Amino acid sequence: MERDKQTQPVITPTANKETLSGSEILIRALVAEGVDTVFGYPGGAIMPVFDALYDHKERIKHILVRHEQGAVHAAQGYARVSEKVGVALVTSGPGATNAITGITDAMMDSTPMVVISGQVVSSLLGTDAFQEADVIGVTQPITKWVYQVRRAEDIAWAVSRAFHIAASGRPGPVVLDIAKDAQVNSCDFSYERTTFLRSYQPIPDPEEDKIQMAAEVINSAKKPFALVGQGVILGNAEEELIAFLEKGGIPFGSTILGLSAVPTDHPLNMGMLGMHGNVSPNIKTNECDVLIAIGMRFDDRVTGDLKTYAKQAKVIHFDIDPAELDKNVKTTVKVVGDAKQTLPLVTKQMEQRAHPEWLAEFDTYYQKEYDHIIKKELYPESGEIKMGEVVHKVTEATNNEAICVTDVGQHQMMSTRYFKYTKSRSMVTSGGLGTMGFGLPAGIGAKYGAPDREVCIFVGDGGLQMTMHEFGTIMDYGVNVKIILLNNNFLGMVRQWQELFFDERYSETQMKNPDFIKVADAYGIKGKKVTKREELDDAIKEMLDHDGSYLLEVVVETKGMVYPMVPAGGSISNIMLGNGYSL
(Lines give C-alpha, C1' and ligand atoms only; values in the text may rest on other atoms or scores of the structure.)
Protein backbone atom coordinates (compact mmCIF):
# COMPACT_ATOMS: atom_id res chain seq x y z
CA MET A 1 0.00 0.00 0.00
CA GLU A 2 1.56 3.25 -1.11
CA ARG A 3 1.01 6.36 0.95
CA ASP A 4 -0.84 9.37 -0.42
CA LYS A 5 1.88 11.94 -0.94
CA GLN A 6 -0.63 14.79 -0.76
CA THR A 7 -1.75 13.95 2.77
CA GLN A 8 1.66 13.71 4.42
CA PRO A 9 2.17 16.11 7.32
CA VAL A 10 4.99 18.55 6.86
CA ILE A 11 7.88 17.24 8.96
CA THR A 12 10.39 19.95 9.74
CA PRO A 13 13.91 18.71 10.52
CA THR A 14 14.89 19.46 14.09
CA ALA A 15 17.94 21.54 14.91
CA ASN A 16 19.75 18.46 16.25
CA LYS A 17 18.88 16.11 13.41
CA GLU A 18 20.13 12.56 13.98
CA THR A 19 20.63 9.53 11.80
CA LEU A 20 18.88 6.62 13.51
CA SER A 21 17.69 3.11 12.78
CA GLY A 22 14.04 2.64 11.92
CA SER A 23 13.49 0.84 15.22
CA GLU A 24 14.95 3.73 17.21
CA ILE A 25 12.81 6.15 15.21
CA LEU A 26 9.71 4.12 16.05
CA ILE A 27 10.40 4.24 19.78
CA ARG A 28 11.17 7.97 19.72
CA ALA A 29 7.99 8.59 17.75
CA LEU A 30 5.97 6.74 20.39
CA VAL A 31 7.60 8.87 23.09
CA ALA A 32 6.72 12.00 21.11
CA GLU A 33 3.08 10.84 21.05
CA GLY A 34 3.06 10.58 24.84
CA VAL A 35 3.05 6.77 24.99
CA ASP A 36 4.08 5.53 28.44
CA THR A 37 2.88 1.92 28.35
CA VAL A 38 3.01 -0.73 25.61
CA PHE A 39 1.60 -4.26 25.79
CA GLY A 40 3.36 -6.82 23.63
CA TYR A 41 5.07 -10.08 22.81
CA PRO A 42 8.41 -10.32 20.92
CA GLY A 43 9.32 -12.44 17.94
CA GLY A 44 11.74 -12.60 15.04
CA ALA A 45 10.23 -9.97 12.75
CA ILE A 46 9.81 -7.37 15.50
CA MET A 47 13.05 -8.12 17.38
CA PRO A 48 14.89 -4.95 16.26
CA VAL A 49 12.11 -2.84 17.82
CA PHE A 50 12.35 -4.72 21.11
CA ASP A 51 16.12 -4.22 21.01
CA ALA A 52 15.62 -0.47 20.63
CA LEU A 53 13.02 -0.53 23.42
CA TYR A 54 15.70 -1.94 25.74
CA ASP A 55 17.33 1.51 25.90
CA HIS A 56 14.07 3.35 26.69
CA LYS A 57 12.79 1.46 29.72
CA GLU A 58 12.60 4.66 31.76
CA ARG A 59 10.37 6.33 29.18
CA ILE A 60 8.15 3.49 27.97
CA LYS A 61 7.03 0.62 30.16
CA HIS A 62 6.59 -2.60 28.21
CA ILE A 63 4.24 -5.21 29.66
CA LEU A 64 5.04 -8.73 28.47
CA VAL A 65 1.70 -10.51 28.13
CA ARG A 66 1.37 -14.27 27.61
CA HIS A 67 -0.51 -14.13 24.29
CA GLU A 68 -0.94 -11.48 21.62
CA GLN A 69 -4.71 -11.44 22.10
CA GLY A 70 -3.99 -10.44 25.69
CA ALA A 71 -1.79 -7.59 24.47
CA VAL A 72 -4.56 -6.08 22.37
CA HIS A 73 -7.28 -6.50 25.01
CA ALA A 74 -4.95 -4.94 27.60
CA ALA A 75 -4.36 -2.01 25.26
CA GLN A 76 -8.15 -1.68 24.95
CA GLY A 77 -8.64 -1.63 28.71
CA TYR A 78 -5.85 0.92 29.06
CA ALA A 79 -7.39 3.19 26.43
CA ARG A 80 -10.94 2.94 27.77
CA VAL A 81 -10.06 4.30 31.22
CA SER A 82 -7.11 6.59 30.49
CA GLU A 83 -8.35 8.78 27.61
CA LYS A 84 -5.12 7.80 25.79
CA VAL A 85 -4.39 5.66 22.76
CA GLY A 86 -3.62 2.05 23.66
CA VAL A 87 -0.55 0.48 22.03
CA ALA A 88 0.19 -3.18 21.31
CA LEU A 89 3.42 -4.54 19.80
CA VAL A 90 3.48 -7.96 18.13
CA THR A 91 5.53 -9.94 15.66
CA SER A 92 4.62 -11.12 12.16
CA GLY A 93 2.51 -14.07 11.05
CA PRO A 94 0.84 -15.76 14.03
CA GLY A 95 1.71 -12.82 16.26
CA ALA A 96 -0.30 -10.51 14.05
CA THR A 97 -3.16 -12.94 13.44
CA ASN A 98 -3.46 -13.62 17.19
CA ALA A 99 -4.24 -9.90 17.54
CA ILE A 100 -7.17 -9.97 15.08
CA THR A 101 -9.92 -10.61 17.65
CA GLY A 102 -8.85 -7.66 19.79
CA ILE A 103 -8.55 -5.38 16.77
CA THR A 104 -12.05 -6.31 15.65
CA ASP A 105 -13.35 -5.76 19.19
CA ALA A 106 -11.75 -2.30 19.26
CA MET A 107 -13.31 -1.41 15.91
CA MET A 108 -16.78 -2.45 17.07
CA ASP A 109 -16.44 -0.48 20.31
CA SER A 110 -14.64 2.59 18.90
CA THR A 111 -11.53 2.14 21.04
CA PRO A 112 -8.47 4.24 20.09
CA MET A 113 -5.56 1.90 19.61
CA VAL A 114 -2.40 1.47 17.51
CA VAL A 115 -1.23 -2.09 16.89
CA ILE A 116 2.32 -2.36 15.53
CA SER A 117 3.25 -5.65 13.91
CA GLY A 118 6.58 -6.79 12.57
CA GLN A 119 6.76 -8.10 9.01
CA VAL A 120 9.24 -10.06 6.92
CA VAL A 121 11.79 -8.08 4.91
CA SER A 122 10.39 -6.23 1.92
CA SER A 123 12.12 -8.41 -0.67
CA LEU A 124 10.31 -11.49 0.68
CA LEU A 125 6.80 -10.03 0.72
CA GLY A 126 4.42 -12.23 -1.21
CA THR A 127 6.74 -15.26 -1.23
CA ASP A 128 5.11 -17.11 1.68
CA ALA A 129 8.24 -16.53 3.73
CA PHE A 130 8.53 -17.93 7.25
CA GLN A 131 5.93 -16.27 9.50
CA GLU A 132 4.59 -14.06 6.72
CA ALA A 133 0.89 -13.15 6.74
CA ASP A 134 -1.03 -10.63 4.67
CA VAL A 135 -1.66 -8.29 7.59
CA ILE A 136 -2.91 -5.51 5.32
CA GLY A 137 -5.48 -7.72 3.63
CA VAL A 138 -6.65 -9.28 6.87
CA THR A 139 -6.99 -6.09 8.93
CA GLN A 140 -8.19 -3.55 6.37
CA PRO A 141 -11.92 -4.30 7.01
CA ILE A 142 -11.53 -4.10 10.80
CA THR A 143 -9.49 -0.89 11.23
CA LYS A 144 -9.81 2.84 10.69
CA TRP A 145 -6.51 2.74 8.79
CA VAL A 146 -3.80 0.20 8.06
CA TYR A 147 -0.41 0.86 6.49
CA GLN A 148 2.59 -1.26 5.61
CA VAL A 149 5.92 0.48 6.19
CA ARG A 150 8.72 -0.71 3.91
CA ARG A 151 11.29 2.07 4.43
CA ALA A 152 12.83 3.53 7.55
CA GLU A 153 12.13 7.00 6.09
CA ASP A 154 8.38 6.38 6.38
CA ILE A 155 8.19 5.26 10.02
CA ALA A 156 7.89 8.68 11.69
CA TRP A 157 5.33 9.80 9.12
CA ALA A 158 3.25 6.63 9.59
CA VAL A 159 3.30 6.78 13.41
CA SER A 160 2.25 10.43 13.43
CA ARG A 161 -0.63 9.74 11.08
CA ALA A 162 -1.66 6.56 12.93
CA PHE A 163 -2.10 8.27 16.30
CA HIS A 164 -4.05 11.14 14.77
CA ILE A 165 -6.45 8.80 12.99
CA ALA A 166 -6.86 6.44 15.96
CA ALA A 167 -7.70 9.19 18.44
CA SER A 168 -9.62 11.77 16.40
CA GLY A 169 -13.29 11.87 15.53
CA ARG A 170 -14.89 8.51 16.16
CA PRO A 171 -11.90 6.63 17.59
CA GLY A 172 -10.78 3.20 16.47
CA PRO A 173 -7.85 0.86 15.88
CA VAL A 174 -5.00 1.48 13.44
CA VAL A 175 -2.46 -1.13 12.35
CA LEU A 176 1.10 -0.41 11.26
CA ASP A 177 2.83 -3.38 9.63
CA ILE A 178 6.57 -2.65 9.59
CA ALA A 179 8.95 -4.69 7.43
CA LYS A 180 12.11 -5.88 9.15
CA ASP A 181 14.43 -4.02 6.78
CA ALA A 182 12.61 -0.77 7.59
CA GLN A 183 13.38 -1.47 11.25
CA VAL A 184 17.12 -2.03 10.75
CA ASN A 185 17.91 0.52 8.03
CA SER A 186 18.79 4.11 9.01
CA CYS A 187 17.74 7.59 8.01
CA ASP A 188 17.56 11.12 9.37
CA PHE A 189 14.97 11.56 12.11
CA SER A 190 12.63 14.44 12.74
CA TYR A 191 9.08 14.36 14.05
CA GLU A 192 5.96 16.45 13.93
CA ARG A 193 2.60 15.36 15.30
CA THR A 194 -0.20 15.26 12.75
CA THR A 195 -3.07 17.64 13.41
CA PHE A 196 -4.64 17.76 9.96
CA LEU A 197 -5.08 15.43 7.00
CA ARG A 198 -6.61 16.62 3.79
CA SER A 199 -9.70 14.58 2.86
CA TYR A 200 -10.11 13.44 6.49
CA GLN A 201 -12.56 15.49 8.57
CA PRO A 202 -12.90 13.67 11.88
CA ILE A 203 -15.19 16.26 13.50
CA PRO A 204 -17.90 17.56 11.17
CA ASP A 205 -19.02 21.14 11.67
CA PRO A 206 -22.44 21.49 13.34
CA GLU A 207 -25.27 22.67 11.09
CA GLU A 208 -27.11 25.61 12.62
CA ASP A 209 -30.46 24.72 11.06
CA LYS A 210 -30.28 21.19 12.51
CA ILE A 211 -29.38 22.60 15.93
CA GLN A 212 -32.44 24.84 15.82
CA MET A 213 -34.71 22.05 14.58
CA ALA A 214 -33.55 19.72 17.37
CA ALA A 215 -34.26 22.36 20.02
CA GLU A 216 -37.73 23.04 18.58
CA VAL A 217 -38.66 19.36 18.55
CA ILE A 218 -37.44 18.91 22.14
CA ASN A 219 -39.30 22.02 23.29
CA SER A 220 -42.53 20.64 21.87
CA ALA A 221 -42.11 17.23 23.53
CA LYS A 222 -44.41 16.07 26.29
CA LYS A 223 -42.71 12.70 26.75
CA PRO A 224 -39.04 13.07 25.77
CA PHE A 225 -36.59 10.22 26.32
CA ALA A 226 -32.83 10.10 25.69
CA LEU A 227 -30.56 7.18 24.84
CA VAL A 228 -27.00 7.74 26.05
CA GLY A 229 -24.13 5.92 24.34
CA GLN A 230 -20.39 5.69 24.63
CA GLY A 231 -19.94 8.65 22.28
CA VAL A 232 -20.59 10.92 25.25
CA ILE A 233 -17.69 9.35 27.15
CA LEU A 234 -15.35 9.28 24.16
CA GLY A 235 -16.08 12.95 23.54
CA ASN A 236 -15.64 13.92 27.23
CA ALA A 237 -19.12 15.42 27.04
CA GLU A 238 -20.47 14.18 30.37
CA GLU A 239 -21.01 17.66 31.85
CA GLU A 240 -22.62 18.91 28.66
CA LEU A 241 -24.94 15.91 28.66
CA ILE A 242 -26.07 16.48 32.24
CA ALA A 243 -26.75 20.16 31.53
CA PHE A 244 -28.80 19.16 28.48
CA LEU A 245 -30.83 16.53 30.32
CA GLU A 246 -31.48 18.68 33.38
CA LYS A 247 -32.60 21.72 31.42
CA GLY A 248 -35.06 19.64 29.42
CA GLY A 249 -36.14 17.45 32.33
CA ILE A 250 -35.36 14.50 30.07
CA PRO A 251 -35.14 10.96 31.51
CA PHE A 252 -32.57 8.70 29.89
CA GLY A 253 -31.37 5.15 29.55
CA SER A 254 -27.81 4.03 28.75
CA THR A 255 -26.32 1.50 26.40
CA ILE A 256 -23.87 -0.92 28.00
CA LEU A 257 -20.92 1.15 26.80
CA GLY A 258 -22.62 4.38 27.84
CA LEU A 259 -22.90 3.27 31.46
CA SER A 260 -21.03 5.53 33.91
CA ALA A 261 -21.34 8.65 31.71
CA VAL A 262 -23.78 9.87 34.37
CA PRO A 263 -23.75 8.68 38.01
CA THR A 264 -26.14 5.82 38.70
CA ASP A 265 -28.06 7.78 41.33
CA HIS A 266 -28.88 10.76 39.09
CA PRO A 267 -32.67 11.28 39.30
CA LEU A 268 -33.07 11.23 35.51
CA ASN A 269 -31.14 7.96 35.13
CA MET A 270 -33.60 5.18 34.33
CA GLY A 271 -31.03 2.43 33.88
CA MET A 272 -29.73 0.26 31.08
CA LEU A 273 -31.21 -0.29 27.64
CA GLY A 274 -31.31 -3.47 25.64
CA MET A 275 -31.97 -7.19 25.71
CA HIS A 276 -31.22 -7.54 29.43
CA GLY A 277 -31.74 -3.88 30.30
CA ASN A 278 -34.20 -2.37 32.70
CA VAL A 279 -37.90 -2.60 31.97
CA SER A 280 -38.86 1.08 32.05
CA PRO A 281 -36.32 2.44 29.53
CA ASN A 282 -37.18 -0.31 27.07
CA ILE A 283 -40.95 0.13 27.43
CA LYS A 284 -40.79 3.93 27.35
CA THR A 285 -38.72 3.91 24.17
CA ASN A 286 -41.91 2.70 22.49
CA GLU A 287 -44.11 5.23 24.30
CA CYS A 288 -42.13 8.50 24.17
CA ASP A 289 -43.03 11.21 21.66
CA VAL A 290 -39.43 12.38 21.12
CA LEU A 291 -36.51 9.95 21.20
CA ILE A 292 -33.05 11.53 21.48
CA ALA A 293 -30.08 9.29 20.68
CA ILE A 294 -26.70 10.66 21.77
CA GLY A 295 -23.47 8.97 20.71
CA MET A 296 -24.97 5.53 20.11
CA ARG A 297 -25.50 3.44 16.99
CA PHE A 298 -28.88 1.75 17.50
CA ASP A 299 -27.38 -1.72 17.92
CA ASP A 300 -29.79 -4.62 17.39
CA ARG A 301 -29.50 -5.62 21.07
CA VAL A 302 -30.91 -2.18 21.93
CA THR A 303 -33.59 -1.89 19.26
CA GLY A 304 -34.89 -5.42 18.92
CA ASP A 305 -37.24 -5.66 15.95
CA LEU A 306 -36.77 -2.43 13.97
CA LYS A 307 -40.28 -2.79 12.51
CA THR A 308 -41.73 -2.10 15.96
CA TYR A 309 -39.04 0.22 17.33
CA ALA A 310 -40.09 3.73 18.41
CA LYS A 311 -42.51 4.15 15.50
CA GLN A 312 -44.56 6.68 17.48
CA ALA A 313 -41.63 9.01 18.15
CA LYS A 314 -39.83 11.81 16.42
CA VAL A 315 -36.16 10.77 16.48
CA ILE A 316 -33.21 13.12 17.01
CA HIS A 317 -29.81 11.54 16.53
CA PHE A 318 -26.59 13.18 17.77
CA ASP A 319 -23.46 11.49 16.40
CA ILE A 320 -19.97 12.36 15.25
CA ASP A 321 -20.05 9.70 12.53
CA PRO A 322 -22.41 10.61 9.65
CA ALA A 323 -22.44 6.94 8.58
CA GLU A 324 -24.48 6.07 11.69
CA LEU A 325 -27.28 8.52 10.90
CA ASP A 326 -30.28 6.78 9.31
CA LYS A 327 -28.28 3.52 9.15
CA ASN A 328 -30.68 1.53 11.33
CA VAL A 329 -33.33 3.98 12.57
CA LYS A 330 -34.73 6.75 10.39
CA THR A 331 -34.42 10.13 12.04
CA THR A 332 -36.43 13.32 12.11
CA VAL A 333 -33.40 15.50 12.88
CA LYS A 334 -29.76 14.57 12.32
CA VAL A 335 -27.28 16.47 14.49
CA VAL A 336 -23.85 15.58 13.20
CA GLY A 337 -20.77 16.63 15.16
CA ASP A 338 -18.92 16.25 18.44
CA ALA A 339 -21.43 15.96 21.30
CA LYS A 340 -19.24 18.26 23.39
CA GLN A 341 -19.96 20.98 20.80
CA THR A 342 -23.46 20.12 19.62
CA LEU A 343 -25.16 19.45 22.97
CA PRO A 344 -24.46 22.94 24.40
CA LEU A 345 -25.67 24.54 21.16
CA VAL A 346 -28.99 22.74 21.45
CA THR A 347 -29.22 23.27 25.20
CA LYS A 348 -28.85 27.00 24.72
CA GLN A 349 -32.01 27.07 22.59
CA MET A 350 -34.01 24.74 24.80
CA GLU A 351 -36.69 25.83 27.28
CA GLN A 352 -36.41 24.90 30.94
CA ARG A 353 -38.79 21.99 31.36
CA ALA A 354 -39.88 19.32 33.83
CA HIS A 355 -42.06 16.31 33.14
CA PRO A 356 -43.13 14.95 36.54
CA GLU A 357 -46.04 12.87 35.28
CA TRP A 358 -43.89 11.31 32.56
CA LEU A 359 -41.15 10.49 35.09
CA ALA A 360 -43.71 8.87 37.39
CA GLU A 361 -44.56 6.39 34.65
CA PHE A 362 -40.99 5.09 34.76
CA ASP A 363 -41.31 4.57 38.51
CA THR A 364 -44.32 2.30 38.01
CA TYR A 365 -42.40 -0.05 35.74
CA TYR A 366 -39.31 0.06 37.94
CA GLN A 367 -41.40 -1.08 40.91
CA LYS A 368 -42.70 -4.04 38.94
CA GLU A 369 -39.18 -4.98 37.89
CA TYR A 370 -37.95 -4.59 41.46
CA ASP A 371 -40.67 -6.83 42.88
CA HIS A 372 -40.35 -9.59 40.28
CA ILE A 373 -36.61 -9.56 39.63
CA ILE A 374 -34.28 -7.14 41.41
CA LYS A 375 -35.33 -7.87 44.98
CA LYS A 376 -35.02 -11.62 44.45
CA GLU A 377 -31.66 -11.28 42.71
CA LEU A 378 -29.97 -8.90 45.16
CA TYR A 379 -31.54 -9.95 48.45
CA PRO A 380 -32.34 -13.69 48.31
CA GLU A 381 -33.44 -15.24 51.58
CA SER A 382 -32.28 -18.76 50.80
CA GLY A 383 -30.96 -21.06 48.10
CA GLU A 384 -27.79 -20.84 46.05
CA ILE A 385 -25.76 -17.63 45.83
CA LYS A 386 -26.89 -15.42 42.96
CA MET A 387 -24.65 -13.53 40.53
CA GLY A 388 -26.42 -10.21 41.01
CA GLU A 389 -26.12 -10.59 44.75
CA VAL A 390 -22.32 -10.85 44.46
CA VAL A 391 -22.05 -7.89 42.08
CA HIS A 392 -24.19 -5.76 44.39
CA LYS A 393 -22.10 -6.59 47.44
CA VAL A 394 -18.84 -5.80 45.62
CA THR A 395 -20.00 -2.43 44.30
CA GLU A 396 -21.35 -1.46 47.72
CA ALA A 397 -18.04 -2.46 49.34
CA THR A 398 -16.13 -0.19 46.93
CA ASN A 399 -18.47 2.77 47.57
CA ASN A 400 -19.46 2.51 43.90
CA GLU A 401 -16.12 4.07 42.94
CA ALA A 402 -14.34 1.10 41.33
CA ILE A 403 -13.79 0.37 37.67
CA CYS A 404 -15.91 -2.60 36.63
CA VAL A 405 -14.34 -4.82 33.96
CA THR A 406 -16.24 -7.81 32.65
CA ASP A 407 -15.80 -10.79 30.43
CA VAL A 408 -18.79 -11.90 28.34
CA GLY A 409 -21.79 -13.95 29.40
CA GLN A 410 -24.39 -14.00 32.17
CA HIS A 411 -21.97 -12.41 34.64
CA GLN A 412 -21.48 -9.54 32.17
CA MET A 413 -25.20 -8.79 32.09
CA MET A 414 -25.46 -9.05 35.87
CA SER A 415 -22.46 -6.74 36.28
CA THR A 416 -23.81 -4.12 33.89
CA ARG A 417 -27.21 -4.28 35.55
CA TYR A 418 -26.12 -4.09 39.18
CA PHE A 419 -22.74 -2.41 39.41
CA LYS A 420 -23.08 1.28 40.27
CA TYR A 421 -21.04 4.26 39.14
CA THR A 422 -20.03 7.62 40.56
CA LYS A 423 -17.29 8.37 37.99
CA SER A 424 -17.11 8.23 34.23
CA ARG A 425 -15.00 5.63 32.42
CA SER A 426 -15.90 3.02 35.02
CA MET A 427 -17.32 0.29 32.77
CA VAL A 428 -14.97 -1.74 30.55
CA THR A 429 -16.62 -4.55 28.63
CA SER A 430 -16.79 -6.05 25.16
CA GLY A 431 -19.97 -4.56 23.74
CA GLY A 432 -20.33 -4.98 20.00
CA LEU A 433 -18.27 -8.13 19.46
CA GLY A 434 -19.01 -9.91 22.74
CA THR A 435 -15.54 -11.42 23.09
CA MET A 436 -15.13 -14.15 25.65
CA GLY A 437 -11.65 -13.91 27.16
CA PHE A 438 -11.74 -10.10 27.11
CA GLY A 439 -12.09 -9.52 30.84
CA LEU A 440 -8.80 -10.58 32.45
CA PRO A 441 -6.36 -8.89 30.03
CA ALA A 442 -8.60 -5.81 29.70
CA GLY A 443 -8.62 -5.51 33.48
CA ILE A 444 -4.82 -5.64 33.54
CA GLY A 445 -4.72 -2.84 30.99
CA ALA A 446 -7.30 -0.83 32.91
CA LYS A 447 -5.13 -0.98 36.02
CA TYR A 448 -2.20 0.49 34.08
CA GLY A 449 -4.50 3.13 32.62
CA ALA A 450 -5.89 4.12 36.02
CA PRO A 451 -3.37 2.90 38.63
CA ASP A 452 -4.97 4.83 41.50
CA ARG A 453 -8.40 3.25 41.05
CA GLU A 454 -9.67 -0.11 42.25
CA VAL A 455 -10.23 -2.48 39.33
CA CYS A 456 -12.78 -5.27 39.82
CA ILE A 457 -12.84 -7.89 37.05
CA PHE A 458 -15.97 -10.05 36.84
CA VAL A 459 -15.45 -13.28 34.89
CA GLY A 460 -17.23 -16.55 34.26
CA ASP A 461 -15.63 -19.98 34.33
CA GLY A 462 -15.81 -20.25 30.53
CA GLY A 463 -14.36 -16.89 29.54
CA LEU A 464 -11.67 -16.94 32.22
CA GLN A 465 -10.18 -20.11 30.77
CA MET A 466 -9.82 -18.50 27.35
CA THR A 467 -7.17 -16.05 28.59
CA MET A 468 -6.28 -17.45 32.02
CA HIS A 469 -2.62 -17.56 30.96
CA GLU A 470 -2.57 -13.82 31.68
CA PHE A 471 -2.27 -14.81 35.34
CA GLY A 472 1.38 -14.94 34.31
CA THR A 473 1.34 -11.23 33.47
CA ILE A 474 -0.20 -10.46 36.86
CA MET A 475 2.48 -12.53 38.57
CA ASP A 476 5.31 -11.01 36.53
CA TYR A 477 4.40 -7.38 37.23
CA GLY A 478 2.49 -7.61 40.51
CA VAL A 479 -0.66 -6.12 38.97
CA ASN A 480 -3.15 -5.33 41.72
CA VAL A 481 -6.51 -6.36 40.30
CA LYS A 482 -9.43 -8.02 42.04
CA ILE A 483 -10.87 -10.93 40.04
CA ILE A 484 -14.37 -12.11 40.93
CA LEU A 485 -15.12 -15.48 39.33
CA LEU A 486 -18.85 -16.22 39.24
CA ASN A 487 -18.68 -19.96 38.71
CA ASN A 488 -21.76 -21.94 37.71
CA ASN A 489 -19.85 -24.71 35.88
CA PHE A 490 -21.75 -23.85 32.71
CA LEU A 491 -21.43 -21.65 29.67
CA GLY A 492 -24.26 -19.82 31.36
CA MET A 493 -25.63 -17.54 28.67
CA VAL A 494 -25.68 -20.26 26.04
CA ARG A 495 -27.33 -22.56 28.58
CA GLN A 496 -29.99 -19.91 29.24
CA TRP A 497 -30.85 -19.77 25.55
CA GLN A 498 -30.89 -23.56 25.40
CA GLU A 499 -33.36 -23.62 28.28
CA LEU A 500 -35.65 -20.98 26.76
CA PHE A 501 -35.44 -21.69 23.04
CA PHE A 502 -33.96 -25.19 22.55
CA ASP A 503 -36.16 -27.33 24.81
CA GLU A 504 -33.53 -27.57 27.56
CA ARG A 505 -31.20 -29.55 25.31
CA TYR A 506 -27.93 -28.55 27.02
CA SER A 507 -25.57 -29.42 24.21
CA GLU A 508 -21.89 -28.88 25.14
CA THR A 509 -22.45 -26.16 27.70
CA GLN A 510 -21.68 -27.91 30.99
CA MET A 511 -18.08 -27.33 32.10
CA LYS A 512 -15.70 -29.61 33.98
CA ASN A 513 -13.44 -27.02 35.57
CA PRO A 514 -10.04 -27.07 37.29
CA ASP A 515 -9.39 -25.98 40.84
CA PHE A 516 -9.15 -22.27 40.04
CA ILE A 517 -7.74 -21.37 43.46
CA LYS A 518 -4.85 -23.82 43.00
CA VAL A 519 -4.20 -22.43 39.51
CA ALA A 520 -4.12 -18.88 40.88
CA ASP A 521 -1.85 -19.97 43.71
CA ALA A 522 0.59 -21.41 41.19
CA TYR A 523 0.89 -17.88 39.80
CA GLY A 524 1.29 -16.31 43.23
CA ILE A 525 -2.24 -14.90 43.27
CA LYS A 526 -4.03 -15.14 46.61
CA GLY A 527 -7.51 -16.56 46.40
CA LYS A 528 -10.53 -17.94 48.19
CA LYS A 529 -13.50 -20.08 47.15
CA VAL A 530 -16.89 -19.25 48.62
CA THR A 531 -19.80 -21.69 48.56
CA LYS A 532 -21.97 -20.34 51.39
CA ARG A 533 -23.81 -17.02 51.52
CA GLU A 534 -22.72 -16.32 55.09
CA GLU A 535 -19.06 -16.37 53.97
CA LEU A 536 -19.51 -13.81 51.21
CA ASP A 537 -19.26 -10.47 53.03
CA ASP A 538 -16.07 -11.40 54.85
CA ALA A 539 -14.51 -12.80 51.68
CA ILE A 540 -15.21 -9.59 49.74
CA LYS A 541 -13.69 -7.53 52.53
CA GLU A 542 -10.62 -9.76 52.60
CA MET A 543 -10.24 -9.40 48.84
CA LEU A 544 -10.48 -5.61 48.86
CA ASP A 545 -8.21 -5.27 51.90
CA HIS A 546 -5.52 -7.47 50.36
CA ASP A 547 -2.53 -5.54 49.01
CA GLY A 548 -2.16 -7.28 45.67
CA SER A 549 -4.07 -9.31 43.15
CA TYR A 550 -6.80 -11.61 44.43
CA LEU A 551 -9.10 -14.25 42.95
CA LEU A 552 -12.45 -14.60 44.67
CA GLU A 553 -14.28 -17.62 43.31
CA VAL A 554 -17.96 -17.66 44.20
CA VAL A 555 -19.98 -20.76 43.37
CA VAL A 556 -23.30 -19.37 42.15
CA GLU A 557 -26.57 -21.03 41.24
CA THR A 558 -26.04 -23.59 38.51
CA LYS A 559 -29.00 -22.65 36.35
CA GLY A 560 -29.48 -19.00 37.16
CA MET A 561 -31.23 -16.79 34.62
CA VAL A 562 -30.67 -13.19 33.59
CA TYR A 563 -33.98 -11.35 33.52
CA PRO A 564 -35.54 -9.18 32.19
CA MET A 565 -34.97 -10.49 28.69
CA VAL A 566 -36.14 -9.34 25.29
CA PRO A 567 -35.99 -12.35 22.95
CA ALA A 568 -33.59 -11.83 20.04
CA GLY A 569 -35.35 -10.13 17.13
CA GLY A 570 -38.46 -9.40 19.17
CA SER A 571 -40.05 -6.12 20.11
CA ILE A 572 -38.44 -4.33 23.04
CA SER A 573 -41.93 -4.10 24.54
CA ASN A 574 -42.12 -7.90 24.70
CA ILE A 575 -40.16 -8.41 27.90
CA MET A 576 -39.77 -11.70 29.75
CA LEU A 577 -39.62 -11.35 33.52
CA GLY A 578 -39.16 -15.05 34.29
CA ASN A 579 -41.36 -17.48 36.20
CA GLY A 580 -44.05 -17.14 33.56
CA TYR A 581 -44.31 -13.36 33.87
CA SER A 582 -44.00 -11.07 30.86
CA LEU A 583 -44.92 -7.57 29.78
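Student: Buried means under 20% relative accessible area, exposed over 50%, partly exposed in between (1.4 Å probe, protein chains only). With that in mind, which residues in H17 are buried?
Tutor: Gln410, His411, Gln412, Met413, Met414, Ser415, Thr416, Arg417 and Tyr418 are. That's nine of nine residues, making H17 (410–418) a mostly covered helix (a DSSP run of H or I, at least four residues; strands are E, at least two; numbering starts at the N terminus). This is a predicted model, with local features needing pLDDT of at least 70, side-chain atom pairs 80 or more, and totals for chains, interfaces and linings using all residues. Residues count from 1 along each chain as written, and side-chain values use heavy atoms, without hydrogens or water.

Student: Which residues line the largest cavity?
Tutor: Two from H17, Gln410 and Met414, are in the lining. (On a 1 Å grid over the protein atoms alone, a 1.4 Å probe fits in a cavity but cannot get out; lining residues have an atom within 4 Å of a point.)

Student: Switching topic, where does valine 146 lie?
Tutor: Valine 146 is in strand E6, residues 145–149.

Student: And why is valine 146 called buried?
Tutor: Because its relative accessibility is 3%.

Student: How many Å separate the C-alphas of valine 146 and proline 380?
Tutor: 51 Å, and they're 234 residues apart along the chain.

Student: Cysteine 187, buried or exposed?
Tutor: Cysteine 187 is buried because its relative accessibility is 10%. Cysteine 288 is buried too, with a relative accessible area of 1%.

Terms used. 1 Å grid on protein atoms, 1.4 Å probe; cavity = no way out; pocket = protein on both sides within 12 Å on 5 of 7 lines; lining within 4 Å.
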